[in-house]
Structures are given as structure tokens and as C-alpha cells.
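Q: I have a chain on my screen and would like to learn how to read it. Could you guide me through it?

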Amino acid sequence: MTNATHPGGALLRCLPIDQREGIALPDTRSLADRLAARDTPNPALWAEVEAELRRPIPEERLNDRAIESYAGVLMLAYRFGAERPRFASLQTYGDAFANCLRFADWARRKGRLVPLAQMIFCLCLIDPDHDVTPMLAEAISSQRPDGSFPARIGFGTADQDGAALRPTLAVLVALHMAIHRRWRAPRPTMPMAA
């Protein structure tokens with residue numbers, strides 16, 4: 001981020017040009033934004049990513065936004081399934097997986113479809129062999145007759161408006177990830193007819 005685009009950049013412009021040199025402002029972008037802006041994150045940023053993925057979010061602070069932020073960092077760390085990250089600590093994988101399970105449980109209890117779909121995607125990233133079928137079944141059972149998905153988990157027959165776009169895309173992406181991971185497994189061998 002340049003000093004000109006930083007909120008404190010206006011203060012720097014008040015200084016004479018020769019005094020502006022060497023003043024660095026902190027990067028105020030979110031962790032996900034900073035991770036997305038780099039092809040290969042520097043060690044300090046990668047350590048911050050690992051710390052974020054290992055940190056449990058207290059139950060009282062769990063909400064759609066907190067889960068979306070966590071999912072964004074995890075998805076970017078895995079480059080949306082293009083590669084498996086090399087974390088410095090193997091515990092990062094386990095802690096991230098445990099967080100995702102807890103967040104998925106929270107989404108199911110609260111009836112929130114988008115966080116559930118995000119956690120299905122993340123669980124498939126971390127462990128492609130993890131059985132997400134019960135979560136997918138719960139998400140898919142919420143589909144409306146017009147093909148869309150609501151923001152809240154549950155049966156309904158009413159057609160929806162544009163507000164259904166986000167949950168519909170989230171469920172479709174989660175379903176694609178679960179199926180895509182299964183396609184990449186070795187094909188079963190067919191017995192030869194004698």
C-alpha cells in the first residue's frame with residue numbers, strides 16, 4: 001500500500017518532501033487482502049496466516065462475517081485448491097480442521113447456509129477424504145423449487161429474489177468442491193469379463 005492511499009497519507013502530504021522519506025505506514029488491509037495481493041507471501045505474512053488459522057474464535061464472537069473472514073484466509077492459503085500450503089507447524093492443519101468443524105456446527109445450529117457452505121469447501125480443502133455428505137445433505141435440502149438456495153437452512157417453497165444469489169453460489173461452489181475432489185480419486189478398476 002502506498003502512503004498516498006493510506007488514511008494517514010494526507011498527513012504525510014503536509015510534510016515537506018525531504019521529510020517524507022523513510023516514513024512507512026502500517027498496512028491496514030485485511031489479512032486475506034494482503035495474502036491475495038502476493039504470489040508468494042513473505043515469511044512474516046505466512047506466520048500471520050498460520051496464527052490466524054490456528055486461533056479459535058470464541059463462541060460469543062462467532063457470526064457470518066467472522067466465519068467468512070476465516071474461510072477467505074484458508075481458501076487463499078490453499079489457493080482455492082490449486083495447492084496444499086506448507087505450514088511451518090503440522091498442528092496448523094489440525095487446528096484449522098478443528099476450527100472448520102466447529103464453525104460448521106455453529107452454522108448448522110444457527111441455520112446459516114452460507115457459512116455452512118464455506119466450511120464444506122474448507123473441509124474439502126484440508127482433507128479431501130473427509131465425509132461432508134451430512135452437511136451437503138442439509139444444504140441441498142434447503143433448495144427451493146426455482147433452484148435457488150435461501151440464506152437460512154430449511155425447507156421452503158417460495159421463489160426468491162436477488163438475495164438468493166449469494167447462498168446459491170456458495171452451495172454450488174461447495175457441491176462442486178466435494179464432487180471435484182471425488183473425481184480426482186483413482187478410478188475403480190472394473191473386473192474383466194471372462
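A: Gladly! Helices (H or I, at least four residues) and strands (E, at least two) are DSSP runs, numbered from the N terminus. This is a predicted model, where local features need pLDDT of at least 70, side-chain atom pairs count only at pLDDT 80 or more, and totals for chains, interfaces and linings use all residues. Residues are numbered from 1 along each chain as its sequence is written, and side-chain values use heavy atoms, leaving out hydrogens and water.

Q: How many helices and strands are in the chain?

A: The chain has 9 helices and 0 strands.

Q: What share of the residues counts as buried?

A: Buried means under 20% relative accessible area, with a 1.4 Å probe and protein chains only. Here 37% of the 194 residues are buried.

Q: Which residues have the most contacts inside the largest nonpolar core?

A: A nonpolar core is a set of buried Ala, Val, Leu, Ile, Met, Phe, Trp, Tyr and Cys residues joined through side-chain atoms within 4.5 Å. The largest one holds 49 residues, and Val49, Leu53, Leu74, Met119 and Val132 have the most contacts inside it. The helix that gives the most to this core is α7, with 12 residues.

Q: How many residues of α7 are buried?

A: For α7, 14 of 14 are buried. Its end C-alpha atoms are 20 Å apart, which agrees with the 20 Å that its 14 residues should span at 1.5 Å a residue; the expected span is 1.5 Å times one less than the number of residues.

Q: What does Methionine 119 touch?

A: Contact means heavy atoms within 4.5 Å. Not counting residues up to four places away in sequence, Methionine 119 touches Ile67, Ala71, Cys100, Phe103 and Ala104.

Methods. Buried means under 20% relative accessible area, exposed over 50%, partly exposed in between (1.4 Å probe, protein chains only).
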